[in-house]
Amino acid sequence: MEINRINALCTANIKKAKTDCDMVIACCDKAVAQDGVHIVVPYGKSLASGVSEVYINDMLNEDLLESACDYIITNNARAIVRAAYDMEEAGIIEARHKLSPVMLLHKLGILGNVAIAGGVCLDNDDLDLMAQEKVPLILLPTADAGYGHGFAPVCAAAHRGIRLGIGTFDCKYNVNADLDYELNFLALTANAEMRTQNALDKETLKKILAFK
């Protein structure tokens, strides 16, 4: 059966999330004993080699980030990176490196191997580079809004042809891990951002839900 409902990033309530979709891309140390759960292991310095996909939750820990970059390059691994997710994180990276989080990942040589999760603070240059490097963007609408981070520029990303997915993240603001609730919330925030109704058409929403 073709996968057409993907929770592109879930870090909590994974079993509940699985009941609502065809696949959960889950960030956890151990596999959930269910079909349709794709595990991405949280990165740590003690990570055993051979893990092909990792999750980097913190770009501000420079030692961890350097170690993760070495691991990704050495093992040709892929990663989901929580990046540009709020103004504080983006501002600290800008102050340290004179670069945005996305530009820093590019400089470190791993941007082509990652998907960005969050992305509230992405600017046009970031989006152009992501489109060029075919970097997916995982949207976390209820978490970003609930934690006060803001809204990712989903319409600008879709306009550039960036591959978009949607995830429930830690489920704090979507306790039932309801993917329809997440998608409907995304549609409303896109309307608010663009100051128009139906800012994301139905076909775009279907592609986001299918992460394709």
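Trainee: How much space lies in the largest cavity?

Mentor: The largest cavity holds about 80 Å³ of space, in a model that is predicted. A cavity here is a set of points on a 1 Å grid over the protein atoms alone where a 1.4 Å probe fits but cannot get out, and its volume is the space filled by probe spheres set on the points, joined across faces, edges and corners. Local features need pLDDT of at least 70 and side-chain atom pairs 80 or more, while totals for chains, interfaces and linings use all residues. Residues are numbered from 1 along each chain as its sequence is written, and side-chain values use heavy atoms, without hydrogens or water.

The structure holds one cavity of 30 Å³ or more. Its lining (residues with an atom within 4 Å of a point) consists of Leu139, Leu140, Pro141, Asp144, Gly150, Phe151, Ala152, Val154, Leu186 and Thr189. By class, seven of the lining residues are nonpolar, two polar and one charged (Ala, Val, Leu, Ile, Met, Phe, Trp, Tyr, Cys and Pro are nonpolar; Asp, Glu, Lys and Arg charged; the others, Gly among them, polar). Helix H6 (141–146) and helix H8 (179–194) each supply at least two residues of this lining; such elements are DSSP runs numbered from the N terminus, helices (H or I) of at least four residues and strands (E) of at least two.

Leaving out residues up to four places away in sequence, tyrosine 181 touches Thr142, Tyr173 and Asn174, a contact being heavy atoms within 4.5 Å. Cysteine 171 lies ten residues from tyrosine 181 in sequence, and their C-alpha atoms are 11 Å apart.

The loop between strand E8 (164–166) and H8 contains phenylalanine 169. Although not a glycine, phenylalanine 169 has a positive phi of about 55°, and it counts as buried at 8% relative accessibility. Now look at lysine 134, in the loop between helix H5 (124–133) and strand E7 (137–139). Lysine 134 is not a glycine either, and has a positive phi of about 55°; it is exposed, with a relative accessible area of 70%.

For open space, turn to the largest pocket, where about 200 Å³ lies; a pocket is an open set with protein on both sides within 12 Å along at least five of seven lines. Of its 15 lining residues, Glu53, Arg78, Ile80, Ala115 and Phe211 lie nearest the centre. Strands E3 (37–42), E4 (53–56), E5 (78–83) and E6 (114–118) give two or more residues each, and E5 has the largest share, three residues. The pocket lining has eleven nonpolar, one polar and three charged residues.

After H3 comes lysine 98, with a positive phi near 60°.

Technical notes
Buried means under 20% relative accessible area, exposed over 50%, partly exposed in between (1.4 Å probe, protein chains only).
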